[in-house]
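Have a look at it yourself before reading on.

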Amino acid sequence: MEDEREDVQKKTFTKWVNAQFSKFGKQHIENLFSDLQDGRRLLDLLEGLTGQKLPKEKGSTRVHALNNVNKALRVLQNNNVDLVNIGSTDIVDGNHKLTLGLIWNIILHWQVKNVMKNIMAGLQQTNSEKILLSWVRQSTRNYPQVNVINFTTSWSDGLALNALIHSHRPDLFDWNSVVCQQSATQRLEHAFNIARYQLGIEKLLDPEDVDTTYPDKKSILMYITSLFQVLPQQVSIEAIQEVEMLPRPPKVTKEEHFQLHHQMHYSQQITVSLAQGYERTSSPKPRFKSYAYTQAAYVTTSDPTRSPFPSQHLEAPEDKSFGSSLMESEVNLDRYQTALEEVLSWLLSAEDTLQAQGEISNDVEVVKDQFHTHEGYMMDLTAHQGRVGNILQLGSKLIGTGKLSEDEETEVQEQMNLLNSRWECLRVASMEKQSNLHRVLMDLQNQKLKELNDWLTKKKKK
């Protein structure tokens, strides 16, 4: 089942890449894994997507290939494309999963986020998958045979895809004739052909890719976003609220876990990174005990009455064994959630502590005290850095087990992204505070020295 899903992604991602090459006037690729190994076709793709001229290494050795891929990865980093755990050797060596992960992140950035960024900004939403699902449900609400609640199983019978097109372009075909068609394969073929010849959308999927128990989520998202790009894009707040009220999917069986295993090797979510201090406009119904902590960390609080969690709780001598004991024992969701709660508790407390330090004084003696206080604070951050890393490692390992439902995996991934983002913001803010304290202290001491020199000069003149 894992290999089948990989084959679907390889096929659909190859079609997407070749659709881009057709626009740019470039030769198509045949094999997604081998044709990208030397980095030259990857640079061709990025040239078209970015509009930049990207020179390539002329040689054909492994070194030339690594240099080409490294250049491509730098271009992606400069465009804020997520490249977690993907290196040049992975692509040059033809690693299937990481090559698929790389292309998915490229699709995610240029096919999904770019297409949806304007409507997301207008609706003040950060989750493009939620926007897309809201759009689909709003478009198909008048079709009683259709109830889209996800980007996998809801599309298998072909009705949702036809309804989505028909809702915006009823002139293109008769809906009842689609309902009467005998098989899902026929309905899917009909929708793909209408989209191809009437809307100009490449046939990125084949009916057999969707007419299955668990269609590949990334492939479905990629295709639905193509429809979103050419059809009217209005999304109401009511439609978004309706999606937020959808029930969570039930726990899946062990057999379903096996079928979904490949989906869970890299992130399923489409989430635009949240900046420091921004509050999400909505929150899904809490699934885990620690979700309240996760949500709280989206908001920088200045409430002085909030009692910080005792720092000694996280500074016990056995801290060093904390991460290793978790990693060595069996990984499970409860252990991860408990550990995450402790670290988020400390992180929120540390943010409050930094804010409570207040403005830098203009009195040299006070600034000296502030500097020494902040030095202690920085040492405390350093002492906890390993714990943050352990939680991120634990979350990655938990996802890698393939034992989470899709919903659980998405939530763990979101929590990890949040923890990493907030830790980085705190670390940078702390370093800036230390730098500013040092600069002000030097300025005030130089000012004192100048005053002393001026006084001595006046004394000599007398």
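The points below go from the overall picture to individual side-chain pairs.

1. Ground rules. This is a predicted model, where local features need pLDDT of at least 70 and side-chain atom pairs count only at pLDDT 80 or more, while totals for chains, interfaces and linings use all residues. Residues are numbered from 1 along each chain as its sequence is written, and side-chain values use heavy atoms, with hydrogens and water left out.

2. Overall make-up. The protein has 19 helices and zero strands; both are DSSP runs numbered from the N terminus, helices being H or I with at least four residues and strands being E with at least two. Of its 462 residues, 48% are buried (under 20% relative accessible area; exposed is over 50% and partly exposed is in between, with a 1.4 Å probe and protein chains only). The accessible surface comes to about 23300 Å², and carbon and sulfur atoms own 50% of that (Shrake-Rupley method, 1.4 Å probe; for residues, only the protein chains shown count as cover).

3. Contacts along the chain. Take the contacts (heavy atoms within 4.5 Å) between residues at least 6 apart in sequence: 72% of them join residues at least 24 apart.

4. Salt bridges, starting with K11. The structure holds 21 salt bridges, each a side-chain nitrogen of Lys or Arg within 4 Å of a carboxyl oxygen of Asp or Glu. One of them joins the side chains of K11 and D206, at 3.1 Å from N to O. K11 is in helix α1 (residues 2-24) and D206 is in the loop between α10 (184-199) and α11 (207-210), so this pair ties together parts 195 residues apart in sequence. D206 counts as buried at 15% relative accessibility, whereas K11 is partly exposed at 26%.

5. D44 forms a salt bridge with K26, with 3.7 Å between the closest N and O atoms. That pair links distant parts of the chain, with D44 in helix α3 (residues 40-50) and K26 in the loop between α1 and α2 (32-35), 18 residues apart. D44 is buried at 10% relative accessibility; K26, at 29%, is partly exposed. Who else is in the network of salt bridges with K26 and D44? R41, E47, K53 and K56 are linked in as well.

6. E424 and R427 form a salt bridge with closest N and O atoms 2.5 Å apart. Both lie in helix α19 (residues 406-461), three residues apart, or about one turn. E424 is partly exposed at 33%, and R427 is partly exposed at 30%.

7. Aromatic pairs. There are six, counted when ring centres of Phe, Tyr and Trp (its six-membered ring) lie within 6.5 Å; planes under 30 degrees apart are stacked, over 60 edge-to-face, and the rest tilted. F192 and Y223 are edge-to-face, 5.1 Å centre to centre with 80° between the planes. F192 lies in helix α10 and Y223 in helix α12 (residues 217-230), so they tie together parts 31 residues apart. W346 and W423 form a tilted pair, 6.0 Å centre to centre and 40° between the planes. Here W346 in helix α17 (residues 333-356) is linked to W423 in helix α19, 77 residues apart. W346 is buried at 5% and W423 is buried at 6%.
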